[in-house]
Amino acid sequence: LYSKPKTVLRMHAAKTQLEQQNIGDPLDATRVFNQEHGDRIPLVLVPSPRVCCSCYYHIPSGVNTIVHICGDDGYPDGMAPPGIQMCKPWYNHVAYMVTQQSCTYNAPVKSCPTKDNVMVDCELTLVFAIGPDPVDVKNFVYNLGALKFNEFLAAECEEAIRQLIRVTPLSDVYELRGSSSQHVQNVLKVLDDKFKEFGVTFSKAAITDVVLNDELRRILQGTTEFRTKIRELDKEHEHNMKLITYDYQQKLSEKERLYDRRLQDIEADINVALVNRKKEIVNAESRREVAVTKQEEYAAVAKKRAESQLSVAQAKAEQENAKLLATATSNAEAAKIKVDKETEVAIFESQQLIKVAENKALALKTEAKAEGDAAESLKVIREHNLEMAKLEVQEAIARRAKIVISGDQGDALINSILDKELLTNNISLNYK
């Protein structure tokens with residue numbers, strides 16, 4: 001965030017100075033460690049040497065004390081115990097006194113370039129402690145010391161801060177404030193790893209302030225306010241979207257419940273319809289069976305009736321046929337007998353007529369012959385009269401009965417009636 005905090009903490013003007021101080025009496029160590037020294041923090045105190053006539057000295061509690069005996073460590077396996085040390089020669093004295101308190105180190109770094117080459121001021125605050133293991137305390141005193149630690153720590157802090165700011169864009173520099181940033185925790189871990197072998201442990205690290213110039217701060221503050229408004233609008237939009245989503249979910253739930261209820265109703269209707277359809281099918285099947293049975297009965301009755309009617313019709317037809325056949329046969333026999341009788345009568349009459357005609361013809365021939373012999377001039381008249389007589393005979397035969405002339409009898413009849421010359425030659429009548 002870029003908003004300017006309500007309470008503005010001013011950055012320290014200089015780095016905290018870690019010192020090794022000289023004191024007179026070892027009993028003053030507790031007072032000196034607890035006393036306010038401004039930007040200076042005493043880590044190691046060196047008491048004044050004892051006088052030759054001194055036979056005792058005091059070691060206060062609450063500090064780590066290293067005692068030398070003729071320049072050698074009086075307690076190689078630990079720290080000197082607190083309390084009064086009696087009957088000790090002057091060369092047995094307190095050489096170093098190291099604080100047991102956690103110390104706060106402030107490291108302001110000026111003009112650190114960000115990733116986008118904007119200069120900012122940054123302050124790193126560290127909390128560290130020396131020890132509490134006696135080996136760690138002695139490693140610090142013998143191998144590092146307060147002065148070197150002060151120089152190394154200042155250099156390491158400035159390098160770490162500059163590297164951290166260098167990879168951070170200006171828009172994110174304010175996000176580095178505090179101790180929760182992962183980058184700050186990485187700095188703490190790096191420092192702890194570097195100074196751990198010297199007995200120094202870092203427990204906390206935090207960037208307490210990041211300072212920009214006034215114009216840039218004003219611009220970033222405006223940007224922050226604008227982004228704050230955007231976030232507020234986003235939150236309002238998100239709230240409205242949640243309301244819309246809630247309403248949508250409610251309506252959707254209602255629709256789904258209504259849909260489920262309608263589906264249940266439809267399924268119930270379907271089940272009822274299926275049951276009704278089964279009932280209708282059963283009823284239709286029963287009605288069909290009844291109708292089929294009735295129709296079969298009707299068909300059987302109709303068939304029987306038709307068969308009976310057919311039998312009756314056939315009997316009647318046979319009766320009618322027999323009656324018609326008998327009538328036709330009797331009529332035919334009667335007509336045949338009648339025709340035969342009439343034919344026999346006609347034939348007999350014709351034969352008699354033929355005989356009469358033959359007799360007449362014979363008489364006429366005789367007369368004609370006589371006349372022919374008598375007179376040639378009567379030949380034509382005689383022939384004419386003979387012809388007329390034959391014609392009259394034929395006319396009489398034709399009028400009296402209908403005779404079918406065929407076969408040998410017919411030819412004989414015709415030959416007997418007509419002269420062969422009349423049949424073979426044309427008759428020519430010449431009238432003079």
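Modeller: A salt bridge is counted where a side-chain nitrogen of Lys or Arg lies within 4 Å of a carboxyl oxygen of Asp or Glu. The model to which this is applied is a predicted one.

Biologist: How far apart are the closest N and O atoms of R162 and E158?

Modeller: Side chains of opposite charge can pair when their charged atoms come close. R162 and E158 are 4 residues apart in helix α2, and are therefore separated by about one helical turn. R162 is partly exposed at 28% relative accessible area, and E158 is partly exposed at 27%. They form a salt bridge in which the separation of the closest N and O atoms is 3.2 Å.

Biologist: How far apart are the closest N and O atoms of E285 and R288?

Modeller: Both residues belong to helix α4, where they lie 3 residues apart, about one turn of the helix. E285 counts as partly exposed at 35% relative accessibility, and R288 counts as partly exposed at 47%. The closest N and O atoms of this salt bridge are separated by 2.9 Å.

Biologist: How many residues apart in sequence are the parts tied together by R40 and E19?

Modeller: R40 forms a salt bridge with E19, with 1.9 Å between the closest N and O atoms. R40 lies in strand β2 (residues 40–47) and E19 in strand β1 (residues 17–23), so the pair ties together parts whose separation in sequence, in residues, is 21.

Biologist: Is E19 buried or exposed?

Modeller: The cut-off for a buried residue is under 20% relative accessible area. R40, its partner in the salt bridge, is partly exposed at 45%. E19 has a relative accessible area of 14%, and is therefore buried.

Biologist: Which residue in β10 stands opposite T125?

Modeller: Strand β9 covers residues 119–130 and runs antiparallel to β10, with 10 bridges joining the two. The residue of β10 opposite T125 is A206.

Biologist: Where is N117 placed?

Modeller: Most residues other than glycine have a negative phi. N117 is not a glycine, yet its phi is positive, at about 60°. N117 is exposed, with a relative accessible area of 55%. Its place is in the loop between β8 and β9.

Biologist: In which strand does S111 lie?

Modeller: S111 also has a positive phi, of about 55°, although it is not a glycine. S111 is partly exposed, with a relative accessible area of 41%. The strand that contains S111 is β8.

Biologist: What is the area of the nonpolar surface patch that includes Y259?

Modeller: Y259 lies in helix α4 (residues 214–374). At 51% relative accessibility, Y259 counts as exposed, because the cut-off for that class is over 50%. Together with L263, I266, I270 and L274, Y259 makes a nonpolar patch of about 440 Å².

Biologist: Of the 432 residues of the protein, what percentage count as buried?

Modeller: The secondary structure comes to 7 helices and 10 strands. The protein exposes about 29400 Å², of which carbon and sulfur atoms supply 55%. The share of the 432 residues that count as buried is 27%.

Technical notes:
Residues numbered from 1 in each chain as written. Predicted model: local features only at pLDDT ≥ 70, side-chain atom pairs only at ≥ 80, totals over all residues. Heavy atoms only, no water. Pairing = 2+ DSSP bridges. Patch = residues over 30% accessible without salt bridge, like charges linked within 9 Å, V, L, I, M, F, W, Y side chains within 5 Å. Areas by Shrake-Rupley, 256 points an atom, 1.4 Å probe, with all protein chains shown as cover. Buried < 20%, exposed > 50% of the residue type's maximum accessible area, 1.4 Å probe, protein only.
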